[in-house]
Amino acid sequence: LDNSNFSIRLISLAPAADFSSDIHCNIYQVSLESNPEYEALSYAWGDPNICQTVFLNGFSFSVTVNLVSALRHLRLKDQARVLWVDALCIDQSNRQERGQQVSFMGNIYSMAKCDILWLGEDPDDEGRALKIVAAIADIWDQFRDGDGLDPEIVAPHVLPLLSTENCAALKSVLYEPPVWRRIWIVQEVVRAKIVNLQFGHQKISWDLLHKYET
């Protein structure tokens with residue numbers, strides 16, 4: 001990589017109609033100075049000893065299962081999707097390159113059109129947790145005033161949503177995903193223009209979480 005002009009690599013994730021089909025990407029070099037259009041991925045690598053294969057420019061490449069799952073869920077059916085993904089876009093075997101690319105990390109996330117925060121697979125594939133978050137955010141909008149929120153007014157509307165089952169679903173996305181324990185997650189979220197949380201096929205805007213602030 002040419003570090004004199006802030007070079008990075010991007011991948012073009014090829015479309016596929018079949019969710020389970022092999023993952024194919026084209027990987028190429030660009031300069032951040034050219035303002036490329038791409039989305040950045042925030043995720044936890046997962047167990048490095050449990051890997052699957054993706055294809056970069058036709059060559060097989062081994063990545064963690066969690067990344068394969070993320071790419072399958074992010075892959076579009078009818079058009080390519082341009083992404084920056086650290087495990088693919090940085091030569092992890094090259095210590096010097098890793099260090100140089102880490103120094104660009106703030107720029108990479110601030111220049112991305114969106115940061116996709118991957119929470120993992122949704123075991124029910126229903127998006128229950130994110131739907132609850134959106135429903136509570138709507139209640140916050142309805143009852144917020146200049147002085148904040150009155151708990152006595154809001155409680156009767158929110159409490160029915162907080163059943164034991166729903167609380168477990170919320171915990172599965174707001175506390176349990178290992179992505180929350182990554183050191184770099186704060187920088188990635190703070191520097192990004194837009195952050196979308198994705199859990200399985202469902203996604204919501206990070207801004208919805210801010211509506212819980214009173």
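Author: Asn-35 lies in the loop that runs between strand S2 (24-31) and strand S3 (39-42); strands here are DSSP runs of E with at least two residues, helices are runs of H or I with at least four, and both are numbered from the N terminus. The phi angle of Asn-35 is near 50°, a positive value in a residue other than glycine. Asn-35 is exposed, its relative accessible area being 58%, where exposed means over 50%, buried under 20%, and partly exposed in between (1.4 Å probe, protein chains only).

This is a predicted model, in which local features need pLDDT of at least 70 and side-chain atom pairs count only at pLDDT 80 or more, while totals for chains, interfaces and linings use all residues. Residues are numbered from 1 along each chain as its sequence is written, and side-chain values use heavy atoms, with hydrogens and water left out.

A further loop, between strand S4 (51-56) and strand S5 (59-64), holds Asn-57. For Asn-57, phi is near 50°, again a positive value in a residue other than glycine. Asn-57 counts as partly exposed, at 40% relative accessibility.

Gln-101 belongs to helix H3 (residues 95-103). With a relative accessible area of 0%, Gln-101 is buried. When neighbours within four places in sequence are left aside, Gln-101 is in contact (heavy atoms within 4.5 Å) with Leu-1, Asn-3, Ser-7, Ile-8, Ile-90 and Ile-108. A polar atom of the Gln-101 side chain lies 3.1 Å from the backbone oxygen of Ser-7.

Technical notes
A polar contact is a pair of N or O atoms within 3.5 Å; within protein, one must be able to donate a hydrogen and the other to accept it, and residues adjacent in sequence count only if both atoms are side-chain atoms.
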